[in-house]
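Here are my notes on this one, in the order I'd go through it on screen. Have the viewer open as you read.

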Amino acid sequence: MLRIHNTLSGQLEEFRPMVAGEAKFYYCGPTVWDFGHIGNFRSTIAADILRRYLKFKGLRVTSVMNLTDVDDRIIAKAAEAGKTIDEYTARYIDAFWEDFDALGCERPDVAPRATRHIDEMADIIAKLEQRNHAYRSDDSIYYRISSFPNYGKLSKINFAGNIAGGSQRVDTDKYEKEDARDFALWKAPASADEPAWDSVVGRGRPGWHIECSAMSMKYLGETFDLHLGGIDLVFPHHENEIAQSEGATGNQFARYWFHFEHLKVEGETMSKSKGNYYTYRDLIEKGFTAPAIRYFLLSVPPRKQLNFTFDALRGAEKTIASLRDFRARVQEARTESGRNETISATVLQALKDFEAGMDDDLNTSVALAAVHDLTREVNTALARDALRADDQHEVLDAIARFDSVLNVFGESKPQILDEEIQRLIDERQEARHRRDFKRADEIRDELAARGIILEDTKDGVRWKRK
Ligand code: AMP
Ligand code: ZN
């Protein structure tokens, strides 16, 4: 039973999808104005871990991650470079997917781009106008927060009283608004050369928040299971998504909200504006490897802050090397047939601890501790030659199971080639002719450990892969 902390209720809750056995989630993806830093990728990896864990639990997952490919920064940068928005963002979109794949993340089912969903956004804005949740001012359109009494239900910010002069960060659009809290849904172009689209609500460009309402509801429906994002997005972005979506449809938007804590550097959030960041590419240039960066970023539960240090990253490199070495040793061990009950029990316990950790709000620290417990015990057994063929399979199966979520062990050893199988079978036949049955059995066991089953028939030896 997976429990997650739902920002909406402020409680740890059992995750019950709307349709049993199916989970649908939306994750606020990158703004493709530059290369992503590893703080952004910490959140991306957290979403990947959740996606993989839902599948581990047997659920069918539909995931959507948007690309924000239009915003004020992108417009300014593109203009500076003398490029269109599409020309400017192409490079960063490609780079994002390269880094995403290299970091071992599974692609979402849909990765919609904001610029390709302008009509869907305009349709929601038109509905909001009809329902009196939006108003026009200087050809721009704003959301009227006073029309949505539930505003603040996610962030728990109390909006009673005069917010305009308060300390909360409010939208900083420069146009005339009824209330300082109101935010832009649609922005009229300030000049003729500013990028703009024609739509049912006029000519202009969308505000940031509306894109996520439009793209999530388009692909997941008006009400869906789960909405994810970094903790910085709770307010105003996600609060505004709720106001827009529920204001337009009258139905509940996302049922669970899961927010990831930040990657920090000496107590400060890693961010472009603070200049305290590393991109994935910076770290690769420094000689670090993708699996170690992934391991480091997932080593602390997503709802806990993680502090970046080079020491921790060097530690992750060592851990990855030892995990991979461990799996190779288990694969290559020449085991006798049978089973060692102590090891079977250890494997079962590790799988149980792993799942209990992940079930507890994706506690990856506990899950990793279970993996390390298993490696320690099995290493001891290997040193004492106590590992048997059945254990060997169980350990390798458990690693594959852990890795379906963690994805840090890397590719498993390439499958044994046909020629090598034939060579071992020939050697076994020779051993039998010499009446060296010990050697013949060893070869049979070695092949069995590598997934090859031998059948002695009257026409000779046949083999098949398990
Ligand atoms: P952005 O590209 O700024 O739109 O951010 C993409 C995602 O990264 C969002 O879900 C942010 O909440 C998240 N994010 C930004 N900075 C950090 C950080 N230092 N640690 C973890 N996640 C972050
Ligand atoms: Zn969003």
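1. Let's start with the hairpin. Strands β15 (residues 452–457) and β16 (residues 460–465) run antiparallel and are joined by six bridges. Two residues sit between them in the hairpin. On terms, strands count as paired if DSSP finds at least two bridges between them. Helices (H or I, at least four residues) and strands (E, at least two) are DSSP runs, numbered from the N terminus.

2. A word on what we're looking at. This is a predicted model, where local features need pLDDT of at least 70 and side-chain atom pairs count only at pLDDT 80 or more, while totals for chains, interfaces and linings use all residues. Residues are numbered from 1 along each chain as its sequence is written, chains are lettered from A and ligands numbered from 1 in the order in which they are written, and side-chain values use heavy atoms, with hydrogens and water left out.

3. Two bridges link β12 (residues 263–265) to β14 in the parallel sense, and leucine 263 stands opposite leucine 306 in β14.

4. Salt bridges: there are 44 in the structure, counting a side-chain nitrogen of Lys or Arg within 4 Å of a carboxyl oxygen of Asp or Glu. One of them pairs glutamate 106 with arginine 52, at 3.8 Å from N to O. Glutamate 106 is in the loop between α3 (85–102) and α4 (118–130) and arginine 52 is in helix α1 (residues 38–56), so this contact ties together parts that are 54 residues apart in sequence. Arginine 52 counts as buried, at 9% relative accessibility, whereas glutamate 106 counts as partly exposed at 24%. The cut-offs are under 20% relative accessible area for buried and over 50% for exposed, with partly exposed in between (1.4 Å probe, protein chains only).

5. What does the pair of glutamate 98 and arginine 281 tie together? Their side chains meet in a salt bridge at 3.1 Å, N to O. Glutamate 98 belongs to helix α3 and arginine 281 to helix α7 (residues 280–285), so the link spans parts that are 183 residues apart in sequence. Arginine 281 counts as partly exposed, at 26% relative accessibility.

6. Are glutamate 194 and arginine 205 buried or exposed? They form another salt bridge, again given as 3.1 Å from N to O. With glutamate 194 in the loop between β7 (184–187) and β8 (197–199) and arginine 205 in strand β9 (residues 202–206), the pair ties together parts that are eleven residues apart in sequence. Both residues are buried. Separately, shared partners join Asp48, Arg51, Arg52, Lys55, Glu106, Asp109 and Arg294 into one salt-bridge network.

7. Now the ligand. There are 17 residues around ligand 1, of which Thr31, Ser43, Asp232, Leu263 and Met270 come nearest; a residue is near if one of its heavy atoms lies within 4 Å. By class, the shell has six nonpolar, nine polar and two charged residues. Here Ala, Val, Leu, Ile, Met, Phe, Trp, Tyr, Cys and Pro count as nonpolar, Asp, Glu, Lys and Arg as charged, and the others, Gly among them, as polar. Helix α1 gives the largest share of the shell, three residues.

8. For backbone contacts, a nitrogen atom of ligand 1 is 2.9 Å from a polar backbone atom of methionine 270. An oxygen atom of the ligand is 3.2 Å from a polar backbone atom of glycine 230, and a backbone N or O atom of cysteine 28 lies 3.4 Å from a ligand oxygen. Ligand 1 taken alone exposes 490 Å², and the protein buries 89% of that (Shrake-Rupley areas with a 1.4 Å probe).

9. Finally, some backbone geometry to look at. Most residues other than glycine have a negative phi, and most peptide bonds are trans. The bond from phenylalanine 235 to proline 236 is cis, with omega near 0°, and proline 236 is found in helix α6 (residues 234–249). Asparagine 132, in the loop between α4 and β5 (134–137), has a positive phi near 70°. Aspartate 138 has a positive phi near 50°; this residue lies in the loop between β5 and β6 (140–143) and counts as exposed, at 53% relative accessibility.

Terms used: Polar contact = N/O pair within 3.5 Å; in protein donor to acceptor, adjacent residues only side chain to side chain.
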